[in-house]
Amino acid sequence: MYTTKYHKASDAANAASLLSGAQDGKILAGGQTLVPTMKQRLAAPSDLVDISGIDALRGITVTARKKLGVLKAKDGATITIGAATTHAEVAGNADLAKACPVICGLAGEIGDPAVRHRGTIGGSVANNDPAADYPAALMALGATITTNQRSISADDFFTGLFATALNDGEIITEISFQAPAEGGYGKFPSPASRYAMVGVFAAKSIDGDVRVAVTGAGDDGVFRHAGLEAALASNWSADAVSGVDVSADGLMSDIHGNAAYRANLIGVMAKKAVSA
Amino acid sequence: MTKIAMNVNGKAVSREVPDNTLLVEYIREHLRLTGTHVGCDTSQCGACVVHVDGKAMKSCTMLAAAAEGATVTTVEGLAASKDELHPMQIAFKDNHGLQCGFCTPGMIMSATDMVERYQAEGKELTEEAIRHELEGNICRCTGYHNIVKSIQDGASKMTNA
């Protein structure tokens, strides 16, 4: 690893000011991608601004639409997750498990237990790895990404491979979304890395809108699939997926599988997502 | 260079180290606690797993500076005293849960973490769950079977300890 200067930020504003004072600074959250990348000398930030210790950026709030009775997924809820909240905290949150179990399941399958204890949702989202799980979830849930400067819809946020709408010095502070009435995630993990070779997140909102986002497959990163959305909007079932023709155009071909293979997997994982 | 202080195995320690020092380098090279191993150096093998504030983490994928003020436990600090073994260490010995032993410190740190987590959540740590939980720990010798048996035995030894 090249030399770097480490800073511990006390809050988001302090992190922004430390970042602006650095020549080529980078935010360090859990570091589960950034640290390995730096060790391989693929990244060499002059400064690291650690936000993992900022309490205000951690935590999960679930505000149910209905006050009465026990919280259930179908009743609807507004969910807010602090950017520095770890995957393990998302996976293990009891309120979230009631309101939106699919997101807990997704977080619980990222990496391995030790990685989940350190990796954060904000870090994953900011990195926008084309095979990461959270980008698909946020896009399908119509999430809002809040930064120290503004709010960005997930549709506008993810702009390409490892690319986002974030400006220099912009720091994600929280992620929020409405719990869906129905939601599922079908993931075919790479047998070696456990990253998604294809992951399909399907969500039906309380109002009946259906959004389907695909990760691991697109040449340009995470994307929504209009054909699957239309089919599932009229009939939320695996049968409806069978009738959808998933094109291989714009899909990745690599050592793990070619575009046609991934196109087929999208259908299979979409069925898994709605059958869950 | 920055002075980094933390509590390692119950002892307050402090060392002046370069900012890009990994936690595992801090532990092995500065504190000379070589029980924590570096296997792959790409955060896959888990030989470097230690507990940071009670949670299993990969010390090769974390800066020492990020552990400033933390409480760290390495395999050397797991047992109650120098003259005895932790119940999980006994279980690995009893069940032949190792061959070359290189991955064992990480296996044991992951094992104790999973047992404590499952106990805290009141969930049963089944054989299937153990295999799933070992996702981030690679062993090239044993085929995992005796490791899983060791963890099952260690879990009951920890419960009855």
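**Helix packing in chain B**

Helix 3 of chain B and helix 5 of chain B are oblique to each other. This comes from a predicted model. The axes of helix 3 (residues 104-121) and helix 5 (residues 145-160) of chain B come within 10 Å and cross at roughly 50°. The points below start with this pair and then move on to chain A.

*Helix 3 with helix 5, chain B*

- The crossing in which helix 3 of chain B passes helix 5 of chain B is right-handed.
- On the helix 3 side of chain B, the residues that meet helix 5 are B:Met107, B:Ala111, B:Thr112, B:Met114, B:Val115, B:Glu116 and B:Gln119.
- Helix 5 of chain B brings B:Ile147, B:Ile151, B:Ala155, B:Met158 and B:Thr159 to this contact.
- Sorted by class, the contact of helix 3 with helix 5 of chain B holds eight nonpolar, three polar and one charged residues.

*Helix 2 with helix 3, chain B*

- Helix 2 (residues 87-94) of chain B packs with helix 3 of chain B at an angle of about 125°, and their axes are 10 Å apart.
- With that angle, helix 2 of chain B is oblique to helix 3 of chain B.
- Helix 2 of chain B passes helix 3 of chain B in a right-handed crossing.
- From helix 2 of chain B, B:Met88, B:Gln89 and B:Phe92 make the contact, while helix 3 of chain B supplies B:Thr104, B:Met107, B:Ile108, B:Ala111, B:Thr112 and B:Val115.
- By class, the contact of helix 2 with helix 3 of chain B has six nonpolar, three polar and no charged residues.

*A serine in helix 3, chain B*

- Leaving aside residues up to four places away in sequence, B:Ser110 touches B:Val49 and B:Asn137.

*The three-stranded sheet, chain A*

- In chain A, three strands form an open sheet with parallel pairing, in the order 1-3-2.
- Strand 1 (5-8) and strand 2 (25-28) of chain A each have a single partner strand, so these edge strands have one side without a neighbour in the sheet.
- From one strand to the next, the twist averages 25°.
- Strand 2 of chain A runs parallel to strand 3 (residues 47-50) of chain A, and four bridges join them.
- A:Lys26 stands opposite A:Leu48, a residue of strand 3 of chain A.
- Helix 1 (residues 12-20) of chain A lies across strand 1, strand 2 and strand 3 of chain A, and runs at about 150° to strand 2.

*Helix 10 and its surroundings, chain A*

- Which residues of helix 10 (residues 226-234) of chain A are buried? They are A:Leu228, A:Glu229, A:Ala231 and A:Leu232.
- The buried residues of helix 10 of chain A pack against strand 12 (196-204), strand 13 (210-215) and strand 14 (223-224) of chain A, and also against helix 11 (238-242) and helix 12 (259-275).

*A glycine in a loop, chain A*

- A:Gly243 sits in the loop between helix 11 and helix 12 of chain A.
- With 70% relative accessibility, A:Gly243 counts as exposed.
- C-alpha to C-alpha, A:Gly243 and A:Arg262 are 17 Å apart in space, and they are 19 residues apart in sequence.

Methods: Residues numbered from 1 in each chain as written. Chains lettered and ligands numbered in written order. Predicted model: local features only at pLDDT ≥ 70, side-chain atom pairs only at ≥ 80, totals over all residues. Heavy atoms only, no water. Buried < 20%, exposed > 50% of the residue type's maximum accessible area, 1.4 Å probe, protein only. Helix = DSSP H or I, 4+ residues; strand = E, 2+ residues; numbered from the N terminus. Contact = heavy atoms within 4.5 Å. Pairing = 2+ DSSP bridges. Axes fitted to C-alpha atoms, helices over the stretch in contact; angles between N-to-C directions. Parallel < 35°, antiparallel > 145°, perpendicular 65-115°, else oblique. Left-handed = near helix turned anticlockwise from the far one by under 90°. Nonpolar A, V, L, I, M, F, W, Y, C, P; charged D, E, K, R; others polar.
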